[in-house]
Each structure stands twice: as C-alpha cells, then as structure tokens.
Amino acid sequence: MSADIAEAHGSRRTYLVGFIASVVLTAIPFWLVMSHTIADPRLTAAIVVASAFVQILVHTLCFLHVNSRAEGGWTLMAYVFTAVLLLICISGSLWIMHHLNANMMPTPTTDMSNQP
C-alpha cells in the first residue's frame, strides 16, 4: 500500500483519535442525562446537542476524511451543499410548524358545556 493511499484513507492515529473523541463525546452527554448533574434540563439539552454537532465533525474528519485536500475539495463542497440543504429543510419545517401552530383557529374561551 503506497503512502498516498494510506494518507487518503487515514492513518491509525487518525482512527484512534476519532474513536477516543467519539467515546468521550458519547459518554459525557450520557453521564449528564443519567446522573442529573445539571438541574436545568435546557442546559443539559444544549450540551447534548453541542456534543452531537462536535461528534458529527469528528466523524466527518476522522472517519469520512472530508477535507479540502480530498479529491480536489469536491467532497468538502458536496458535504457543505448537503449541510445547507438540510439546514434549509429543517429550519423551513420548524418555521412552518410554528406558524401553523400560531395561526390555527383558536379554541373558544367560553365554557361551551353549559350552552344548549
């Protein structure tokens, strides 16, 4: 196996760093949720989501080897394009659901059980 092929697919060090980072980024949120270390559930959720995003980056760099050097940068460009499409779809869906919830017919404020 030549050095170019080994470098394109990553080295043992890259895989080991990725594995250790993945284990840590999985163990920390699991421990936070199971031990109730932080009293505020919103802060716990924010830490879990932040760990998930960092873990996505670790997997992308260490295991998928998406960087600006791989295949002339085309894999990175495809990855960024996919991320933008996902961001548009998710934010658009959340926006639509919020406005549907806010603009649906309101429930009556009077007690209808006493009406004939």
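Accessible areas here come from the Shrake-Rupley method with a 1.4 Å probe, and for residues only the protein chains shown count as cover. On that basis, the protein exposes about 9700 Å², with carbon and sulfur atoms supplying 73% of it. The model is predicted: local features need pLDDT of at least 70, side-chain atom pairs count only at pLDDT 80 or more, and totals for chains, interfaces and linings use all residues. Residues are numbered from 1 along each chain as its sequence is written, and side-chain values use heavy atoms, with hydrogens and water left out.

**Whole chain**

Begin with a cartoon view. The protein has 4 helices and 0 strands, in the order α-α-α-α along the sequence. Helices (H or I, at least four residues) and strands (E, at least two) are DSSP runs, numbered from the N terminus. Of the 116 residues in the protein, 13% are buried. Buried means under 20% relative accessible area, exposed means over 50%, and partly exposed is in between (1.4 Å probe, protein chains only). A contact means heavy atoms within 4.5 Å. Among the contacts in the protein with a separation of 6 or more, 51% are between residues 24 or more positions apart.

**Stop 1: Pro-29**

Select Pro-29, which is found in helix 2 (residues 12–35). Pro-29 has 9% relative accessibility, so it counts as buried. Show its neighbours next. Leaving out residues up to four places away in sequence, Pro-29 touches Val-24, Val-48 and Ser-51. Then draw a C-alpha to C-alpha distance from Pro-29 to Ala-52: the two are 8.9 Å apart in space and 23 residues apart in sequence.

**Stop 2**

**Stop 2**

Tyr-15 is partly exposed at a relative accessible area of 36%, and Phe-63 is partly exposed at 28%.

**Stop 4**

Is Thr-60 buried or exposed? Its relative accessibility is 5%, so Thr-60 counts as buried. Leaving out residues up to four places away in sequence, Thr-60 touches His-65, Val-66 and Tyr-79.

Go on to His-65, in the loop between helix 3 and helix 4 (74–103). His-65 is buried, with a relative accessible area of 13%. Its phi is positive, about 55°, although the residue is not a glycine.

**Stop 3: His-36**

Select His-36, in the loop between helix 2 and helix 3. The phi of His-36 is near 55°, again a positive value in a residue other than glycine. His-36 counts as exposed, at 65% relative accessibility.

**Stop 4: the salt bridge**

Select Asp-40 and Arg-42. They form a salt bridge, the closest N and O atoms being 3.7 Å apart. A salt bridge is a side-chain nitrogen of Lys or Arg within 4 Å of a carboxyl oxygen of Asp or Glu. The search of the whole structure finds 1. Asp-40 is partly exposed, with a relative accessible area of 32%, whereas Arg-42 is exposed, with 67%.

**Stop 5: cysteines**

Finish with Cys-62 and Cys-89. Cys-62 is buried at a relative accessible area of 13%, while Cys-89 is partly exposed at 49%. The structure holds 0 disulfides, a disulfide being a pair of cysteine sulfur atoms within 2.5 Å.
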